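Let's work through a few exercises together, each followed by a solution in steps. Have your viewer ready and try each task before reading on.

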Amino acid sequence: MVGQRFAGKTVVITGGGGGLGGEYCRAFARESAQVVAVDLDHSGLDRLEKSIIKEGGHCEAQCADLCRESDVSALFERCARSHGGVDILINNAGGDLAYNGPIEGLPVDHWDTVVNRNLKTAFLCARAAAPLMKRKRYGKIVNVSSRAARSVGWYGAVTVAYICAKLGVIGLTRHLAKELGPHGINVNCLVPSFTISGPLLQHHWDQMTGGERDSMLRATPLGRLPEMRDMANVVLFLASDESAYMTGVAVDVNGGSWMA
Ligand SMILES: NC(=O)c1ccc[n+]([C@@H]2O[C@H](COP(=O)([O-])OP(=O)(O)OC[C@H]3O[C@@H](n4cnc5c(N)ncnc54)[C@H](O)[C@@H]3O)[C@@H](O)[C@H]2O)c1
C-alpha cells in the first residue's frame, strides 16, 4: 500500500480476473481500498488476491457469473453483510467474441453473449448496488465502454454486437447519472481505446500488418498505445471525490484518436 485515497471504501470490480480489471484492483488496493474482485472463475482471481495481499493490500476474490441475477444478488448481499454495503462499483466485465462474417450469418447466441456480458452485467450490478449506495447517500459507479463505440472500423476485430453493447453502456451511464444523482451517487463511464491487456489483445496486435499498426498509431496524436495504468489512473479519478461534480460523462482515454 502506498496511499490512503480510498481508505475505508469498499470497491467492487467486475472482471477483476482479467487484464485491465486486475490492474484496477491493484491500483485501488495500493490506495488502501477494500477490494472485492469478481470474475467468472477462480484462475485469474486467486493469483490476483494472493499478490495484492502479499503487497499488504486487501482483496477478496469472488466467483460469479454476472449475467445471472441470482449470482449478482448473492454478491451484493455478501458485500452488505461483510462491508456494510459498497461505495464504488467498477463495471469492467466484458469483451467481444470473434466473428468476421456478414450480419446475416451472425449467430443470435453470439449477439446475446456479447450484449449480456458487456451490458447486462453492468445493468444487474448497478441495479443491485444502487440501494446499498442510496442508504449511504454516497456512491461512485464507473462503467466501461469502448473506443469501438465512438466510430465504426477503428480496428478490424470488433463485432456489431460489441459496438451496440458498448454504446448501450454509455446510455446506461447517462440514465443512471440522472436517476441516482439526487441520492449522492455519481455515474460516469471510461471509454478506453485498444490496450494490450493480456494474450488476446497481444494476439490481435501481432495479427495486424505493419501497415495497419502504423496507421493506427498515425491516427493517434499521442503516437503510442496506452499502458494499462493510463486507464487505471482515470478509473481512480472517476471513483474519487476529485471528480465529485462530474456525472453522466463518458471520458475518452484514447490518445486523441477520436475527439468529441
Ligand atoms: N483491452 C482493450 O483494448 C479494451 C478496449 C476498450 C474496452 N475494453 C473493455 O475493458 C474491459 C476489460 O477488458 P480487458 O482487455 O481487461 O479484457 P479481459 O478479457 O482480460 O477481461 C474481461 C473480464 O471480464 C470477465 N467476464 C466476462 N463476462 C463475465 C461475466 N458474465 N461474469 C463475470 N465476469 C465476466 C472475463 O472473465 C474477463 O476476466 C472490458 O469490458 C472490455 O470490453 C477493453
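**Exercise 1.** Find the bridge partner of threonine 14 in β2.

*Solution.* In β2, threonine 14 is partnered by valine 38; strands here are DSSP E runs of at least two residues and helices are H or I runs of at least four, numbered from the N terminus. Five bridges link β1 to strand β2 (residues 34-39), and the two run parallel; strands pair if DSSP finds at least two bridges between them. From β1 the chain passes through α1 to β2, a β-α-β crossover that is right-handed. Right-handed means that, with the strands pointing away from the viewer, the path from the first strand over the helix to the second runs clockwise.

Two notes before we continue. Residues are numbered from 1 along each chain as its sequence is written. This is a predicted model, in which local features need pLDDT of at least 70, side-chain atom pairs count only at pLDDT 80 or more, and totals for chains, interfaces and linings use all residues.

**Exercise 2.** Work out which way the residues of β1 point, and whether they are buried or exposed.

*Solution.* In a regular strand, side chains alternate between the two faces of the sheet. Thr10, Val12 and Thr14 point one way from β1, while Val11 and Ile13 point the other way, and all are buried. Buried means 20 or more other C-beta atoms within 10 Å of a residue's own, exposed 12 or fewer, and partly exposed in between, with C-beta atoms placed from the backbone.

**Exercise 3.** Identify what stands opposite isoleucine 88 of β4 in β1 and in β5.

*Solution.* Start with β1 (residues 10-14), which is joined to β4 by three bridges and runs parallel to it. There, valine 11 stands opposite isoleucine 88. Next, four bridges join β4 to strand β5 (residues 139-144), again in parallel. In β5 the partner of isoleucine 88 is lysine 140. The chain gets from β4 to β5 through α4, in a right-handed β-α-β crossover.

**Exercise 4.** Check the span of helix α4 (residues 108-136) against its number of residues.

*Solution.* The expected span is 1.5 Å times one less than the number of residues. Just after α4, arginine 137 has a positive phi of about 50 degrees.
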